[in-house]
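The sequence and structure are shown first.

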Amino acid sequence: AVAPIILAIETSCDETACAIVDSAGSILAEQVFSQMEHAPFGGVIPEIAARNHLSLLPSMLEQTLAASALKVESLTAIAASTGPGLIGGLIVGSTLGKGLAMAWQKPFIAINHIEAHALTPRLPLPHTLRHTPRVDFPYLLFLASGGHCQCIAVKGIGDYRKLGGTVDDAAGEAFDKVAKMLGLGWPGGAALEALAKEGNPKAYPLPHPMVGRAGCDFSFSGLKTSVSHLLMPYGHDPLPRQMAADIAASFQYAVTHTIEDRLTHALALFPQATALVTAGGVAANMAIRATLADLAARHNKAFMAPPLRLCTDNAVMVAWCAQEIWQAAQKKGIKLADRDGMAA
Ligand code: KG4
Ligand code: ZN
């Protein structure tokens, strides 16, 4: 069989992306466009996101194909994220992908967006881009972004078990909402981290949600409310800079401590894990990364985080996930003509 080459589309949230990846994991061409139209609203507006995907994707696909210097005939299959995510965007990306697959007479591979995040650490990147070697199954994944916050036992391709998740907000969502309260704009996770460097993490005794509880679920909405109570006396007045920095640092400390506690439980639930792996935009946070690396070392596990641009939403991860699924099916002698339907 010829080595498969896969074209993939990602439109589940506010990143419009497409990529072409070969069976060895080489990125033949890639584009990511982060829609900034949502910033004034302080959150992603699904309708605007879907319309942007629709107007951006056709030319992005053309440019990606041109940049790869490949002919359409060289493509083996077309893949797209089909869920979970914002339904309008998912419909745009998956319908376009299916349409191309039909017109070009190629199979269409529906990809679960979470599975794509989960398998990204296995992408065999060149050494220049990676700090630690690619991981093998089984590993524990901590996925934390604006939309997701969960611990997943990754045992093999298609073999996942969710050990815990958030009962309310995702970690990134909490970062964004607190950043907004502190007047740091949206999405403010990175700005909050920068401000926290100037603050004292012990200045405000905020709740460290779920710490000490059984299992590995998360909760961040109470913490967010506690921050809003601290700010109430100030109304719309600007906060003194040092106070804002101290709140940022205390909030980040509460989140980091919660994550450490929850993942300690997750590792106990999944002792087979050889590595602790993190992905999602929150994995960009250096305080959180350092805590995770330390936790992994104490448990004798490898620690691995994909390069930053592959932590946040992108289409390379979708193409790579499709490659893994395709190659696993071929090994088993299954002909993957069509992997259709909306993934849950
Ligand atoms: O994975 P991502 O790009 O998109 C999805 O939400 O799917 O993650 C974006 C999230 C935002 O909530 C953003 O504020 C957060 O990741 N984030 C951070 C940092 N950089 C991005 N949170 C904390 N610290 C950071 N340095
Ligand atoms: Zn995502």
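## Annotated site

The model is predicted: local features need pLDDT of at least 70, side-chain atom pairs count only at pLDDT 80 or more, and totals for chains, interfaces and linings use all residues. Residues are numbered from 1 along each chain as its sequence is written, while chains are lettered from A and ligands numbered from 1 in the order in which they are written.

His113 belongs to helix α3 (residues 113–119); helices (H or I, at least four residues) and strands (E, at least two) are DSSP runs numbered from the N terminus. A residue is buried if 20 or more other C-beta atoms lie within 10 Å of its own, exposed if 12 or fewer, and partly exposed in between, with C-beta atoms placed from the backbone. His113 counts as buried because 25 other C-beta atoms lie within 10 Å. Two residues are in contact if their C-beta atoms, placed from the backbone, lie within 7 Å. Leaving aside neighbours within four places in sequence, His113 is in contact with Ser12, Ser81, Gly83, Pro84 and Gly85.

Asp313 sits in the loop between α9 (308–311) and α10. Asp313 is also buried, with 27 other C-beta atoms within 10 Å. With neighbours within four places in sequence left aside, the contacts of Asp313 are Glu10, Ser12, Cys13, Glu15 and Ala17.

## Domains and their contact

The chain is divided into domain 1 (5–122 + 310–331) and domain 2 (139–306), with bounds from an automatic or database domain assignment. Their C-alpha centres lie 28 Å apart. The contact takes 15 residues from domain 1 and 20 residues from domain 2. On the side of domain 1 that touches domain 2, α3, α9 and α10 each supply at least two residues.

A nonpolar core is a set of buried Ala, Val, Leu, Ile, Met, Phe, Trp, Tyr and Cys residues joined through C-beta atoms within 7 Å. The largest one has 98 residues, of which Ala8, Ala79, Leu140, Val318, Ala319 and Ala322 touch the most other members. A second, separate core of five residues includes Val44, Ala49, Leu86 and Leu90.

Helix α10 (residues 316–331) has 16 residues and reaches 22 Å from its first C-alpha to its last, close to the 22 Å expected at 1.5 Å a residue; the expected span is 1.5 Å times one less than the number of residues. Buried residues of α10 include Val318, Ala319 and Ala322. Not counting residues up to four places away in sequence, Ala322 touches Ile6, Ala8, Ala77, Ala79, Ile109 and Ile111.

## Backbone features

Cis peptide bonds join Phe137 to Pro138, with omega about -10°, and Trp186 to Pro187, with omega about -10°. Pro138 lies in the loop between α3 and β6 (139–144), and Pro187 in the loop between α4 (171–181) and α5 (189–196).

Ala69 has a positive phi near 60° and is exposed, with 9 other C-beta atoms within 10 Å. Met210, with a positive phi of about 70°, is buried, having 23 C-beta neighbours inside 10 Å.
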